[in-house]
Amino acid sequence: MKAIIWGSCGSLPAPSTSESIRQKVRDAIWGAREHSFENLDAVDAYLETLPHCERGTYKANTSCVQIQAKSDDFIFCDAGTGLRDFALSQSKDAPPATYHIFISHLHWDHIQGFPFFTPAYKAGNRIIFHGFHKDTERAIRAQMEAPCFPVPFEAMQADIEFDIRENGASFQVDDVQVTTIKQQHPGDSWGYCFEEHGKRIIFSSDSEHGPEARDEGYRFVDFFRDADVLIFDGQYTFEEATNEKRNWGHSDHMTAVELSARSKVRQLIVFHHEPAYSDADIEEIHKDALRYNEDYNQRISKDTNCKTYPQRIELAFDGLEIEA
Ligand SMILES: [Zn+2]
Ligand SMILES: [Zn+2]
């Protein structure tokens, strides 16, 4: 099983500006002033040595993650603008298919890609929204109403269903078991754990963890336990999450590390980036989290030979693929 990040930016799309791209190009050219390149492969090899913030970006599309399982059906978490890039990557002549979209919640950054999802306009396709918010159908339809959008929901030719359950419910897509957890976020949000043949990928975005996260027996430690991949809301710095942005419904990089270590998560992917931060700012916050991970693991593994967790921590970016 594999997770493919199609949209990782929080709150709204925040693509790089011309000025920030120019700065990256300028820095890369300056950094290469003593290199000579025989061919483009050598240029590519040089680019690989640069930090991601200098050759790419962390923030473009809003929330959308594909869970690639053995099933022929497509599985997504959220329908932010990343969903459109997925659609663009597919052949126009793709055969009819079933698309499952598990919705964390209905804030705009998690649904705004759906009006641009071309498979929804094609008869023969089947799209099923899974989730918990009673007004999911109303929200999906409303964002396509005049005067906000030129094409009404009714123009979509696919068979579109809304599978809305009560809190605590789980789902199944072929061999993929989907368990769920209610999260702390304005208007509530839900996290999803996808499990197939012993591999587990967890999507837990737009979720705040207050002081109760330090309690022994904290329910998220159980939910995250032994995950192969945890995609976790790290929009804020620890200082922001605990002070001025407390109760805004998001978490931070340090809490991501701490909960992953306690839950023995193998790979932590920090997601839902703060759109106001530059790519370099996000990498700086990430470096603090990596240092904290080392300290934290040294403390909890003192005098023991136990393995430390998480074994890998990465910042999500559009196009990142993570094997469970
Ligand atoms: Zn969000
Ligand atoms: Zn939200």
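This is a predicted model: local features need pLDDT of at least 70, side-chain atom pairs count only at pLDDT 80 or more; totals for chains, interfaces and linings use all residues.

Q: Okay. Which helix is His286 in?
A: His286 belongs to helix H9, which covers residues 279-300.

Q: Is His286 buried or exposed?
A: His286 is buried, because 20 other C-beta atoms lie within 10 Å, and the cut-off for buried is 20 or more.

Q: What does His286 touch, leaving out residues up to four places away in sequence?
A: His253, Val270 and Leu315. His253 is 33 residues from His286 along the chain, yet their C-alpha atoms are separated by 6.9 Å.

Q: Let's do the sheet. What's the strand order?
A: It's an open sheet of seven strands, in the order E6-E5-E4-E3-E2-E1-E14, with mixed pairing. From one strand to the next, the twist averages 20°.

Q: Which strands stand at the edges?
A: E6 and E14 (321-323). Each of these has a single partner strand, so one side of each has no neighbour in the sheet.

Q: Remind me, what holds strands together in a sheet?
A: Strands pair through backbone hydrogen bonds, in either a parallel or an antiparallel way.

Q: How do E4 and E5 pair, parallel or antiparallel?
A: Parallel: E4 (residues 98-102) and E5 (residues 126-131) share five bridges. If you want a spot to look at, Tyr99 sits opposite Ile127 in E5.

Q: And how many bridges join E5 to E6?
A: Six, and those strands run parallel, with E6 spanning residues 159-164. Ile128 has Glu161 in E6 as its bridge partner. To get from E5 to E6, the chain goes through helix H5 (residues 136-142), making a right-handed β-α-β crossover.

Q: Which strands does helix H4 lie across?
A: H4 (residues 82-89) lies across E1 (2-7), E2 and E3, and runs at about 110° to E1.

Q: What about the bond from Tyr309 to Pro310, cis or trans?
A: Cis, with omega near -10°. You'll find Pro310 in the loop between H9 and strand E13 (312-315).

Q: Last topic, backbone angles. What's phi at Asp78?
A: Near 70°, which is a positive value in a residue other than glycine. Asp78 is in the loop between E3 and H4.

Q: Is Asp78 buried or exposed?
A: Buried, with 30 other C-beta atoms within 10 Å.

Q: And what's phi at His272?
A: Near 60°, a positive value, and His272 is a residue other than glycine. Look for His272 in the loop between strand E12 (267-271) and H9.

Q: Why does His272 count as buried?
A: Because His272 has 31 C-beta neighbours inside 10 Å.

Key
Residues are numbered from 1 along each chain as its sequence is written. Chains are lettered from A and ligands numbered from 1 in the order in which they are written. Helices (H or I, at least four residues) and strands (E, at least two) are DSSP runs, numbered from the N terminus. A residue is buried if 20 or more other C-beta atoms lie within 10 Å of its own, exposed if 12 or fewer, and partly exposed in between; C-beta atoms are placed from the backbone. Two residues are in contact if their C-beta atoms, placed from the backbone, lie within 7 Å. Two strands pair if DSSP finds at least two bridges between them. A crossover is right-handed if, with the strands pointing away from the viewer, the path from the first strand over the helix to the second runs clockwise. Axes are lines fitted to C-alpha atoms, for helices over the stretch in contact, and angles run from 0 to 180 degrees between N-to-C directions.
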